Amino acid sequence: MTAPDIHRTIDAVWRIESAKLIAGLTRVVRDVGLAEDLAQDALLAALEQWPKSGVPDNPGAWLMAIGKRRAIDQMRRNPMLDRKHAEIGHDLESKQASPEPELAEALDDEVGDDLLRLVFIACHPVLSTEARVALTLRLLGGLTTDEIARAFLVPEPTIAQRIVRAKKTLADKKVPFEVPRGAELAARVSSVLEVIYLIFNEGYSATSGEDWVRPNLCQDALRLGRIVAELAPNEPEVHGLVSLMEIQASRLRARVGPSGEPIVLLDQNRSKWDRLLIQRGLAALERAESLGGALGPFALQAAIAACHARARTADETDWRRIASLYQALAQVTPSPIVELNRAVAVSMADGPAAGLALVDTLTSEPTLAKYHLLPSVRGDFLRKLGRFEEARVELERAASMTRNARERELLLERARACAESARA
Amino acid sequence: MRFMVMIKANAKSEAGVMPSERLLTEMGKFNEELVKAGVLLAGEGLHPSSKGTRVRFSGSSRTVIDGPFPETKELVAGFWLIQVSSKEEAIEWVKRIPNPDGDDGEVEIRQVFDAEDFGAEFTTEARALEERMRSELASRGTSG
């Protein structure tokens with residue numbers, strides 16, 4: 001194997017093994033920052049030795065053995081660490097490098113638990129969102145600092161600093177390495193899902209050009225979501241998020257036109273939708289629903305996405321169902337934007353008058369004051385009701401509120417069409 | 001990146017011989033590992049070629065040929081569709097496919113064409129619109 005080949009292989013092994021490695025070492029040393037350093041030591045050892053000795057048959061076990069050995073060294077050298085840790089160290093020394101099959105299975109469960117603990121710690125609410133995102137991609141996604149920096153279009157030192165500070169915060173606040181329980185669990189799960197969806201959106205909205213690392217973010221987020229779904233299979237919102245991401249990802253190929261312009265959902269060529277991802281998304285939604293209880297916000301958004309995914313053409317969309325899902329969503333996460341979307345769904349199901357009635361309740365909402373889609377939607381309803389002069393006014397207002405030249409053009413075009421119809 | 005991983009047939013699979021219990025168990029665990037790692041998209045086993053058929057094309061003519069087919073080592077006996085970060089990662093996963101009975105065999109890895117391969121690109125303006133739409137809508141419970 002050539003030098004670059006072996007390096008790419010080691011990168012691949014790192015992608016597969018690093019999260020479990022860091023999680024296992026965190027359990028030993030009780031400090032995520034130290035665990036990551038030890039994991040990096042193991043990686044360095046691999047980079048030194050594997051080009052000569054070849055990749056071992058069980059690379060994960062090899063890396064863990066090195067990491068644990070370094071952990072023992074650390075604990076011996078550091079008299080500040082607990083006696084308890086010294087006992088753990090002694091235990092490690094007396095175990096074999098490759099355990100018996102039954103022990104291996106028991107360890108397997110431990111690995112899952114450790115990984116879940118790592119997920120929760122990387123997404124801990126004591127950290128800023130940016131820090132959580134960077135730490136998650138680093139510790140769980142196996143991305144390098146450079147890859148994370150390129151993905152978010154910030155300089156590498158910025159990300160490096162962010163990660164260093166995040167680890168320090170976790171250590172200073174003595175954040176425990178455990179799976180949250182009871183009342184705390186729901187909020188902590190939410191925190192994890194928020195991080196993963198943020199990563200997904202960063203990739204979804206930036207399906208562009210020079211840097212392929214950005215659309216890869218969708219794939220990284222999907223992968224993380226799927227991993228968490230297996231670690232926490234009884235959490236319906238995890239399956240809800242996975243479902244939402246699978247279905248949104250199914251549209252990646254249909255979202256961009258020939259000259260790079262975005263195509264909205266209702267105008268997309270559905271034969272370009274990835275049906276495998278849609279099936280996976282529907283299956284994940286079913287998992288969420290079969291766990292019982294009221295659907296949470298991610299599951300509801302997924303259910304809305306599923307309605308679109310199931311419709312073979314835009315005309316076959318079950319708008320009534322979408323409208324009632326938005327209503328349920330409004331109960332769980334009330335927001336004027338959810339109401340606006342509900343109004344659109346209602347108008348598709350029951351006609352523009354019904355939609356207009358709902359939108360009219362939103363016109364004095366302060367959060368929507370600068371939101372061009374509000375007058376745009378209202379203008380559309382008025383146009384469909386034949387109130388062309390009022391429609392023109394709204395569409396021109398919407399045009400003045402958007403900074404995007406192409407969108408402004410489209411809105412002004414629609415306004416002009418209304419002016420003509422008004423004269424006719 | 002997506003890859004199709006194809007397990008090639010052998011005399012046993014073509015003869016319809018059931019895999020050993022050990023192989024079934026270990027294959028089950030391997031599939032579980034793929035799922036737990038978030039990389040498995042799909043995977044199935046195929047019936048032997050004795051149940052298969054080929055349709056040969058030549059211009060407008062179509063010839064239907066029933067199996068079994070002779071070139072055992074070239075036949076596909078099963079496949080996985082996986083989503084991984086690189087071809088090297090695909091190779092690492094494939095190396096982990098269990099082979100407890102010590103059989104000879106071959107697994108082929110082929111990359112699947114992705115959206116990026118077709119070169120769709122956003123203009124800066126279009127991307128700005130998309131980003132604003134997404135950031136405004138996405139966190140408020142709507143999808144597009």
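Trainee: Which residue is the bridge partner of Phe3(B) in strand 5 of chain B?
Mentor: The partner of Phe3(B) is Ile82(B). Please note that this is a predicted model, in which local features need pLDDT of at least 70, side-chain atom pairs count only at pLDDT 80 or more, and totals for chains, interfaces and linings use all residues. Residues are numbered from 1 along each chain as its sequence is written, while chains are lettered from A and ligands numbered from 1 in the order in which they are written.

Trainee: How many bridges join strand 1 and strand 5 of chain B?
Mentor: Seven bridges link strand 1 (residues 2–8) and strand 5 (residues 76–83) of chain B, in the antiparallel sense. Strands here are DSSP E runs of at least two residues and helices are H or I runs of at least four, numbered from the N terminus. Two strands pair if DSSP finds at least two bridges between them.

Trainee: What is the strand order of the sheet in chain B?
Mentor: The order is 2-5-1-6, in an open sheet of four strands with antiparallel pairing. Strand 2 (40–45) and strand 6 (107–111) of chain B are the edge strands, each pairing on one side only. Neighbouring strands of this sheet are turned by 15° against each other on average, direction ignored.

Trainee: Which helix packs on the sheet?
Mentor: Helix 3 (residues 87–95) of chain B does, touching strand 1, strand 5 and strand 6 of chain B. The direction of helix 3 makes about 155° with that of strand 6 of chain B. Axes are lines fitted to C-alpha atoms, for helices over the stretch in contact, with angles from 0 to 180 degrees between N-to-C directions. Contact requires C-beta atoms, placed from the backbone, within 7 Å.

Trainee: Turning to chain A, how many helices and strands are there?
Mentor: Chain A has 19 helices and zero strands. Its C-alpha trace spans about 90 × 50 × 40 Å along its principal axes. Of the 424 residues in chain A, 46% are buried. A residue is buried if 20 or more other C-beta atoms lie within 10 Å of its own, exposed if 12 or fewer, and partly exposed in between, with C-beta atoms placed from the backbone.

Trainee: At what angle do helix 6 and helix 8 of chain A cross?
Mentor: Helix 6 (residues 129–139) and helix 8 (residues 156–172) of chain A cross at roughly 95°, and their axes come within 9 Å. The two helices of chain A are therefore roughly perpendicular, a term for angles of 65 to 115 degrees. Among the residues making the contact are Ala134(A) of helix 6 and Ile163(A) of helix 8 of chain A.

Trainee: Which residues of helix 14 of chain A are buried?
Mentor: They are Ile322(A), Ala323(A), Leu325(A), Tyr326(A) and Leu329(A). These cover an arc of only 160° around the axis, which puts them on the same side of helix 14 of chain A; the arc is that of the directions from the helix axis to the C-beta atoms. Their cover includes helix 13 (297–310) and helix 15 (336–350) of chain A.

Trainee: And how many residues of helix 15 of chain A are buried?
Mentor: Eleven of its 15 residues are buried, so helix 15 of chain A is largely enclosed by the rest of the structure. Those buried include Glu339(A), Asn341(A) and Arg342(A). Just after helix 15 of chain A, Gly351(A) takes a positive phi of about 100°.

Conventions
Two residues are in contact if their C-beta atoms, placed from the backbone, lie within 7 Å. Angles under 35 degrees count as roughly parallel, over 145 as roughly antiparallel, 65 to 115 as roughly perpendicular and the rest as oblique.
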